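Here is a colleague's note to read alongside the model. Please keep the sequence and the 3D view open as you go through the points.

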Amino acid sequence: MKKIVILVVAAMMATMNAKAQRIEVVDDNGNGIPLVSVLTEDGVLIGTTDLNGVLSDVKGARKISLTHVAFKPMMVSVSDLPSLEGTEGGRRVTMEEVDYALQEIVVKPKPYVCMDFYFRGFSYIEDSLRAYAAGIVPVAYVIQENYKGKTRNVWSYGGAANKALSWNTQGLALKAEDGVKKAAWSIETLVEKSKGFKEYYKTSLEPDGENRWLVKNPEGVVGQIQHSDGFYHATLDAGKIQTYANKANGEEKMRKARENRNYDYQYSEVYAIDDEGKIQPYNKVMEMSHWEYDASKGRTITVLYLYATDHSYMDEDEFKAHSKALNKGYVGDMSLDDLEEYERTHNIPALSPEQQKAIRELKKQTGKKS
């Protein structure tokens with residue numbers, strides 16, 4: 001009889017544990033935060049919040065680590081979180097925004113606005129961290145009477161981008177370079193003015209309360225935009241946008257390839273808004289990209305963070321010299337301690353302890369010192 005009771009209790013506990021536990025991640029104003037990476041206390045990726053800041057299941061984790069490019073990392077016990085109304089066992093967690101912004105430029109007579117972007121890239125296969133890279137990409141925007149965004153074809157990365165790990169960290173560096181190179185205009189500007197976004201992606205903006213807008217295509221909401229405290233925040237479900245455009249424009253081969261690979265791509269960006277209320281390309285503060293797809297080795301996930309660090313005016317010769325010096329200064333196998341020192345010096349939000357531990361464990365597999 002005792003055995004039967006034990007089996008029944010065990011079955012009940014298994015049923016309870018099997019129930020999906022939903023969490024909703026919000027900011028101080030109660031707005032959902034998209035693209036929050038949710039990890040176990042050992043640094044294993046559980047999943048990422050959707051456009052509404054929701055992750056449908058923490059997969060039984062008792063403690064979770066939350067990270068996002070624009071918010072302070074945190075570790076929480078799921079059972080200690082306040083209940084989420086309207087759900088069975090759901091929880092809500094509030095993240096604190098990081099105090100991070102571009103420094104003001106005082107002198108303006110030179111033709112280029114120059115910025116260094118610090119990047120972090122993570123690659124996961126089946127939720128296990130397989131590669132980490134960090135480095136620096138300098139970029140110059142040419143100022144003309146009528147502003148035209150243009151990036152100089154001169155690039156530099158920290159040596160860790162190539163040599164810190166034995167996996168394909170160079171691919172992460174190239175993604176960072178590509179992200180900076182394409183960052184000439186904000187999502188808001190593109191949706192409002194770009195012929196491509198209007199005619200190819202078929203997107204539009206719709207007001208959603210004070211200083212908030214939804215990005216929509218004919219199939220529904222595919223993004224959101226918010227202006228708050230002198231900053232512009234935007235997030236797109238770019239995978240949905242791309243897949244719909246493939247379908248709408250008769251690109252069946254690409255549409256089927258994305259659907260067969262269960263492709264997903266989400267993108268987020270932050271700009272400082274200037275005194276005239278404009279979102280200038282050279283006031284970009286940070287961005288984040290999150291790609292997922294099914295591959296032969298398993299579900300592959302890549303997460304890329306970009307932070308604008310040094311910000312100044314230069315002429316062409318000065319920018320070339322700066323890029324050359326930057327490349328020389330960071331050539332070689334930068335240690336993780338060197339990277340962390342650069343982050344502290346430039347006020348870049350620290351990685352969570354769980355991520356730091358996972359990265360150091362990963363690097364040990366290369367046989368190199370961290």
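1. How much space lies in the largest pocket? The answer is about 660 Å³, where a pocket is an open set of points on a 1 Å grid over the protein atoms alone, at which a 1.4 Å probe fits, with protein on both sides within 12 Å along at least five of seven lines. The volume is the space filled by probe spheres set on the points.

2. This is a predicted model, in which local features need pLDDT of at least 70 and side-chain atom pairs count only at pLDDT 80 or more, while totals for chains, interfaces and linings use all residues. Residues are numbered from 1 along each chain as its sequence is written, and side-chain values use heavy atoms, without hydrogens and water.

3. The pLDDT, the predictor's confidence in each residue from 0 to 100, averages 81 over the chain, and 81% of the residues score at least 70. Over residues 1-17 the pLDDT is below 50, and this stretch has zero contacts (heavy atoms within 4.5 Å) beyond near neighbours in sequence. Residues 145-167 also have a pLDDT below 50, yet that stretch has 87 such contacts in the model.

4. The largest pocket is lined by 23 residues, a lining residue having an atom within 4 Å of a point. Asp178, Lys182, Gln242, Tyr265 and Tyr267 lie nearest the centre of the pocket.
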